[in-house]
Amino acid sequence: MKEKISRPLAVFDLDGTLADTAHRQRFLESKPRDWDAFFAAAPQDPPLAEGIALARQSAQECEVVYLTGRPERCRRDTEDWLAAHGLPDGRIWMRRNDDRRPARRTKLEILRRLARNREIRVLVDDDELVCEDAERAGFRVVRARWAAASAALRDAQEREGRT
């Protein structure tokens with residue numbers, strides 16, 4: 001039996017890496033945070049040119065997959081957004097709706113699972129804690145530093161496990 005040769009994976013985060021979330025940060029700055037409004041506004045995210053270009057370039061040698069902290073209930077909007085901005089087709093790994101673990105834990109768990117059967121050429125993410133943990137685990141990382149950082153989003157990713 002012939003073994004199927006698979007292309008390596010290029011793994012891309014969405015929020016702050018491919019999608020500019022600045023216009024919806026206001027929903028995270030109030031107490032309590034308005035998560036429904038935050039995610040409902042995601043379809044209006046402008047694309048981040050640097051991330052989009054890197055994803056398209058990566059697709060020439062790799063299979064592109066998306067690894068996001070967005071909850072599963074956002075899948076349709078996410079698929080539509082990726083298609084509308086001409087991003088490469090690829091599997092989307094999303095957080096279970098009830099999963100509130102920090103993004104660095106959920107993402108590293110999925111990266112390790114993917115790495116069992118495939119080479120992961122690169123992870124592209126804007127979350128410094130995700131990047132640090134991925135590098136410590138031996139993954140090659142590109143830090144997406146082309147969007148304005150949001151303290152509210154960082155806090156949500158780490159403390160509330162929401163994105």
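These are my notebook entries on a predicted model.

**Ground rules**

I number residues from 1 along each chain as its sequence is written. For this predicted model, local features need pLDDT of at least 70, side-chain atom pairs count only at pLDDT 80 or more, totals for chains, interfaces and linings use all residues, and side-chain values use heavy atoms, with hydrogens and water left out.

**Entry: strand β2**

I started with β2, which covers residues 63–71. Helices (H or I, at least four residues) and strands (E, at least two) are DSSP runs, numbered from the N terminus. I found 8 of the 9 residues of β2 buried, so the strand is largely enclosed by the rest of the structure. Buried means under 20% relative accessible area, exposed means over 50%, and partly exposed lies in between (1.4 Å probe, protein chains only).

Next I looked up Arg 70, which sits in β2. Is Arg 70 buried or exposed? Arg 70 is buried, because its relative accessible area is 3%. Its side chain makes a polar contact with the side chain of Asp 15, at 2.6 Å. A polar contact is a pair of N or O atoms within 3.5 Å; within protein, one must be able to donate a hydrogen and the other to accept it, and residues adjacent in sequence count only if both atoms are side-chain atoms.

**Entry: neighbours of β2**

I then checked the pairing of β2. Two strands pair if DSSP finds at least two bridges between them. Strand β1 (residues 9–12) pairs with β2 in the parallel sense over 4 bridges. Here Ala 10 has Val 64 of β2 as its bridge partner. Strand β3 (residues 92–95) also runs parallel to β2, joined by 3 bridges. Leu 67 has Trp 93 of β3 as its bridge partner.

I traced the path from β2 through helix α4 (residues 75–84) to β3, and the three make a right-handed β-α-β unit. Right-handed means that, with the strands pointing away from the viewer, the path from the first strand over the helix to the second runs clockwise.

**Entry: salt bridges**

How many salt bridges does a search of the whole structure find? I noted 23. A salt bridge is a side-chain nitrogen of Lys or Arg within 4 Å of a carboxyl oxygen of Asp or Glu.

Arg 76 is exposed at 55%, while Asp 80 is partly exposed at 40%.

In helix α5 (residues 103–115), Glu 109 and Arg 113 are 4 residues apart, about one helical turn. Their closest N and O atoms are 3.5 Å apart in a salt bridge. Both belong to a network of salt bridges that also links Arg 95, Arg 96, Asp 98, Asp 99 and Arg 101.

**Entry: rings**

I found 3 aromatic pairs in the whole structure. The rings of Trp 35 and Phe 38 have centres 5.7 Å apart and planes at 80 degrees, so this pair is edge-to-face. Rings of Phe, Tyr and Trp (its six-membered ring) pair if their centres lie within 6.5 Å; planes under 30 degrees apart count as stacked, over 60 as edge-to-face and the rest as tilted. Trp 35, Phe 38 and Phe 39 form one aromatic cluster.

Last, I saw the charged end of Arg 24 over the ring of Phe 38, 4.3 Å from its centre. A charge sits over a ring if NZ of Lys or CZ of Arg is within 6 Å of the ring centre and within 35 degrees of the ring normal.
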